[in-house]
Amino acid sequence: MTAKTRIDLRYPKDRMLQNRARLEAVERFEYVDRVPVVFGFDTRFPLAERGISWSEYFSNPRVQMEHQLRNAQLILERTSDDRVAWPGVGVWPDFQNVTNASGCGCEIIWSDNDPPRAKSFLRTIDEAVAWRPEPMAGLWGKRLDWYQVMRELRDEFEVTFNGEPVEIGVGLGVNGDSPYMCALDMAGENFLAWLIEAPHEMNQFMTRITDAMIDTEKQYRQISGRPLIGGFGLSDDPVPMLSQNQYRQHIAPHTKRLYDTFAPVGQGARGMHLCGKNIHVLDVLMDDLKITSLDGYGYVNPPEAYCDRVAGNVVMRGNLDPMLLYNGPTDAIKKECHHIMEVLAPYGGIVLQDGYNVCPHTSWTFLDAMVEAAEEYGKPTLRKKK
Amino acid sequence: MSLEDLSQAIIVGNRQKAIDLTEKALADGTPPPEVIYRGLVPGMDVVGEKFRNNEYYIPNVLVSARAMSASMELLKPLLVSSGMKYVGKAVIGTVEGDLHDIGKNLVRMMLQGGGFDVLDLGVDVSPDKFVQSVKEFKPELIAMSALLTTTMPGMKKVIEKLNDEGIRGTVKVMIGGAPITQRFADQIGADAFASDASSAVLRAKELLGVSS
């Protein structure tokens, strides 16, 4: 019998409780002692820190699972932010942001040193009209396969948290890349032109992509025992390319259908990640989509622009420039953090984060500066509700 | 029929009409450079202005640029013999490690619509390839695009490579892409930052001292 792989995660319990209090308070639009800070770590940062190539990470479920656990260990034991609120650790079959595109038929380009990319394949409107999804196609099916393998592999690991055994959670769900992002992956810039040239056909095309995502997510939830309703996070990242009307007319109805299926209003979080320019669609986000959080929103948007409609109404995580975080210096990072907090923290519901996400090889000293800035700023005084 | 009609076809992004009007203009004996500078360029100028004013977004600009490109395809074979003079030569590409091309393609088409002769190096372009293109194509301008914060440092590498090869002074460097800022452009020593495809044309003309 093979010896189990042992991973002991260490994190001070009092700090964890403090983090939990901060993060729970922010959901109530309150603060305990300061603005919470959560760095935007994606897989690429810890992989780079540990010198692991993307090709190795994707090589098989056993290898990926161990790298995810080691990544979690690295972050948990080094980070100065407030992310660790509960004892535990999770893994998931991870193919980055191309999973939905692959499920919809895109060929995936893999490389040693970069995350995978999807290759567009629809060249004409007729091809888009003729396209039909296949159940559990591409990486959607592979994700399910790996999920089942990862569940079985849990027996090969012994994970402890401060010496206490913890169960490894295994996640299964579609990626947050929206039908709009899928359509762009599938058809490239053609899709944008077709929105004008063939709006009716593109609406049908988007409907089929959305159907495929809903069907897949429903199956994932059923298989993994998750309730059908209970929160959904999405990204319509390429929204800067569209006008408010184009977004409202062509894209938002499909995004809304996903939210309405898995997180009807009042029955779950409706998270939205938009790291590009998004000020022009804030009305759509608030009125049509009724989001409950804006996550990793981009540094290209001035904090002041959110005061009127968004701040104080939804939880906001952002929006420090990742390149400023990468290049420093510390004083400039702190100055920008102070600016974000001065403008937005009085509304409540603010989590200081980069917008978005942390570049590989960003210095821990620069990351720590964000936490130092939050501590220097202290507990924000909440303004009176509008 | 007038070249104003061609401009209008470009502005509304009517590709077939742009083709028809271009063919008609040529059949009527209008010199190709005149079709470009009195038909296509004014049309794209309006498109650029509408884009800057947030009246047009990318889908609108794309259909216009595609109409312009379709017209250009008819004109290209005739330009050499007509003695056409471009306002400048530019090399464009998305930097190494980055496969995004929508923004880059848009800037290419807008530059072409602005009268530039553009060599498109495609996506995932190494610093070596950028430098080689400067040596061979001899552009006045390099335009680099990146959509990922992880690939932005590739822009700096290109500038460093141009310096190492002693040809930095022969070419202006303009950068753009969703995560790019003026601050980043200043940090890496780029000559200009363009926040969108329309302003890219204006910045390019400013850099080269060409009147808009």
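Buried area is the accessible area, taken with a 1.4 Å probe, that two parts lose on being put together, summed over both. In the predicted model described here, the area buried between chain A and chain B is about 2300 Å², and carbon and sulfur atoms give 59% of it. On the side of chain A, Arg117(A), Glu189(A) and Met323(A) lose the most area to chain B, together accounting for 27% of what that side buries. The contact draws on 29 residues from chain A and 27 residues from chain B.

Polar interactions across the interface were then examined. Seven residue pairs are in polar contact between chain A and chain B, both residues of each pair being at pLDDT 80 or more. Helix H9 (189-197) and helix H13 (322-327) of chain A each supply at least two residues of the side of chain A that touches chain B. The most is given by H9(A), with six residues. Sorted by class, this side of chain A comprises 15 nonpolar, seven polar and seven charged residues. Two salt bridges are counted between the chains. In a salt bridge with an N to O distance of 3.6 Å, the side chain of Arg66(B) meets that of Glu189(A); Glu189(A) is also among the residues of chain A that lose the most area to chain B.

Within chain B, five strands form an open sheet in the order E2-E1-E3-E4-E5, with parallel pairing. Its edges are strand E2 (116-120) and strand E5 (192-194) of chain B, each of which pairs on one side only. From one strand to the next, the twist averages 25°. Strand E3 (residues 141-145) and strand E4 (residues 172-176) of chain B are joined in the parallel sense over five bridges, and Leu141(B) has Lys172(B) in E4(B) as its bridge partner. Helix H6 (residues 127-137) of chain B lies across strand E1 (88-94), E2 and E3 of that chain, and runs at about 160° to E1(B).

The backbone of chain A was also considered. Most residues other than glycine have a negative phi, and most peptide bonds are trans. The peptide bond from Gly355(A) to Tyr356(A), however, is cis, with omega near -5°. The bond from Tyr356(A) to Asn357(A) is cis as well, with omega near 10°. Tyr356(A) is found in the loop between strand E12 (350-354) and helix H15 (364-377) of chain A, and Asn357(A) lies in the loop between E12 and H15. Gln96(A), although not a glycine, has a positive phi of about 60°. Gln96(A) is placed in the loop between strand E2 (89-91) and helix H5 (99-103) of chain A.

Definitions and conventions: Residues numbered from 1 in each chain as written. Chains lettered and ligands numbered in written order. Predicted model: local features only at pLDDT ≥ 70, side-chain atom pairs only at ≥ 80, totals over all residues. Heavy atoms only, no water. Contact = heavy atoms within 4.5 Å. Salt bridge = Lys/Arg side-chain N within 4 Å of Asp/Glu carboxyl O. Polar contact = N/O pair within 3.5 Å; in protein donor to acceptor, adjacent residues only side chain to side chain. Helix = DSSP H or I, 4+ residues; strand = E, 2+ residues; numbered from the N terminus. Nonpolar A, V, L, I, M, F, W, Y, C, P; charged D, E, K, R; others polar. Pairing = 2+ DSSP bridges. Axes fitted to C-alpha atoms, helices over the stretch in contact; angles between N-to-C directions.
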